[in-house]
Each structure stands twice: as C-alpha cells, then as structure tokens.
Amino acid sequence: MISIFNPNSAASKDSGIFGLPFRISESSLVYIPVPWEVTTSYGGGTSKGPKAIFKASHQVDLFDWDVLRPYECGLYLKKESPEVLRWNQLGKEKAHLIIEKGGDISDEPGLQAHLQEVNALGALLNDWVRKETLALLKNNQIPAILGGDHSVPFGALQAVAEFHPQFGILHFDAHSDTRKAYEGFTWSHASIMHNVLEGIPQVSKLVQVGIRDFCEEELNYCQSKGNRVKTFFDSQIQSQKAEGQHWKTICDEIVRELPQKVWISFDIDGLDPKLCPHTGTPVPSGLEFSEATYLLKALALSKRQIIGFDLNEVAPDPQEQSEWDANVAARLLYKLTAWTLYSQGKARLR
Ligand SMILES: [Mn+2]
C-alpha cells in the first residue's frame, strides 16, 4: 500500500492520520483515542482532542528533519469507541453536580451516590484502555494513547506493566497530578501520577518536567517517595536557563534520571500556554515546543527505549475560530511518534 502512496502530496480526504493509507495490521504504532473528560474541573473540551488532532494531522509534513521517514513504519488511529463516548457523557453529567459543590458533598447522600457512579465509570474506562493497549502489545505494536484528560493513560500503564517488569515515566506537565482523589474522584485527571505510583509498582521512576502548579501536600508526597520521583520544577529550569545553563545540559540531567525503558506521559499544558491556549488548566511559563522536542531527541539518542506514550489535555477552540491547539498537538504527536520509532530501531536518523 505504501508503494503507491506519495508522501509529498496533500492528504486525500479519506486518508488516515497524517494523511496515511495504512491499515491497522500494517502499522507499527497505533493511536488509541480516548475522548474522556469526566473529572475536568475547569475548562472543558479535551474529549474533542482526538478528532481535532486527526484533522490537523493532515497538514503535517511527513518528512522529518531528524528521523527521516517515520511514517513508513505504518501509523494508524483507531476509531473512537461509542461505548467510551457514552460513558463520558454519563460521567460528565454526574461529576458536574459534584464539582459545582467544590467536591464537598459529605452531607448530600444523593451526590455521594453520583460520586460512586463516577468512580465506577472511571474504573470501567481504565479497564477498557488496559485491554485495548494489551491487544496492541500482544501484537508487537507500539501503543499511543490520545486523550482526553490526563486520567486516561492509567489502564495503558497497567498493560505496559504486564510486559515490562520495570520502567520509568517521563512526565511533561504544568501540574504535579499527585493529588489523592481530587474533589473525591478516585480517577481524577489531577490524581493520575498518585494513582500510578500507588497502583503500579513496575513504575520504578517518575521524572516530572515543567511542573509549576502544585500544592504543599503534593510536594511532600513526591518527596516522601525518595528516589522514585524526581521533579524538574519549571522555576528551577527557568532560573538555570536565565543563569546561562544550556538546555542540552538540563536535558542530559533529566534523561540521566530515567531507566532503560521509558513511557512518555505528555500533558500539553507542560508547554507554554501560548501553544495550547484552550487547554483545561493553563499556567504561565513552561516549555517551548523546540525545548520539548529536543528533550525527546536527547532521550532517544541516549539509547533508552520509548515503549509507548500518551498525549493528553489537548482542547480545541470551542468557538472553532482557531486550529492552533490541534496544530501544535499534531506536530508534537508526530515528533513523539518519530522518536519512539527511532528508539525501537524501526526508523532511521538523517
Ligand atoms: Mn496533567
């Protein structure tokens, strides 16, 4: 199929992600869309992320400066599951009532029942993502999760843990995401790394980058984990840069903290919010696009293996005036894909 495909021409209307012609069986890397934003506490819209990224992906040029032809490995985006869309709708309606009360529902039995249901739906979603991811891993295909909010990769990490007895997570984010059951929601987007650290012992190391919004409890929690968690706070990074430290030196420091096998969990709000203005919880400062992709490059060139990744919290403009959020995300997705394939020996460098 790839032999009649021209990567230099515009994407045809019925083509797949990045305008590619592959079937799932021909693809080394498969994107699982998870249109889920049940516990979103501030701005909404991340459940529309996968569709918006798909649309924007048709504008991305396939030839890459560093990893020449990553697309040749076969890339495929699965269809959104009607079941997940239904669970999301149901969960959102119930969670909304709880979020309105700021999570304080101790004397409201009706809302407590809703909370139980939201938590049950979250568990259902995790199991769905776990099974989807397992199916790919068993097929020797690389899984990539497209959120949705940041709660979505939990099941994928459980699946990966069945294949890899030990691996690290490189976590790009403005937020620490280490709160315990934020607003009462066990599977909150703000609790993903807490849940991972508590529930997936195979995660031997969590390395966080760009963190600039966290509470004292989260800071204490991360410190209580000792060597298992290393956070590169945004304020530290910005100070180092202001004092003349090269980004390369900082990247080398970050990479050195990681074990041989690495999952990347990329919350788009780790980037400067000018690159993701409609994301749910934007925070000033953060990484430039080129800094993030250089860190991916440093990771891949260190001979570590990227075993999969998730990209989450991408929300398109609700007024549909601008494609900017999805444009940035589609380009970041291609870079994540390229360096992942290179790190697994499937794509070549310049
Ligand atoms: Mn996050």
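Against which elements do the buried residues of α3 pack? I looked this up in a predicted model, in which local features need pLDDT of at least 70 and side-chain atom pairs count only at pLDDT 80 or more, while totals for chains, interfaces and linings use all residues. Residues are numbered from 1 along each chain as its sequence is written.

**Entry 1: helix α3.** I took helices (H or I, at least four residues) and strands (E, at least two) as DSSP runs, numbered from the N terminus. The buried residues of α3 pack against β1 (29-34), α2, β3 (142-147) and α4 (154-163); contact requires C-beta atoms, placed from the backbone, within 7 Å. Among these buried residues I noted His 114, Leu 115, Asn 126 and Glu 132; buried denotes 20 or more other C-beta atoms within 10 Å of the residue's own, exposed 12 or fewer, and partly exposed the range in between.

**Entry 2: α3 and α4.** I found that the two axes come within 7 Å and cross at roughly 40°; axes are lines fitted to C-alpha atoms, for helices over the stretch in contact, and angles run from 0 to 180 degrees between N-to-C directions. α3 is therefore oblique to α4, a class left after under 35 degrees (roughly parallel), over 145 (roughly antiparallel) and 65 to 115 (roughly perpendicular).

**Entry 3: after the helix.** I recorded that Asn 140, which follows α3, has a positive phi, near 65°.

**Entry 4: Glu 83.** I located Glu 83 in helix α2 (residues 82-100). Glu 83 counts as exposed because it has 11 C-beta neighbours inside 10 Å. Its C-alpha lies 9.7 Å from that of Trp 128, 45 residues apart in sequence.

Conventions. Two residues are in contact if their C-beta atoms, placed from the backbone, lie within 7 Å.
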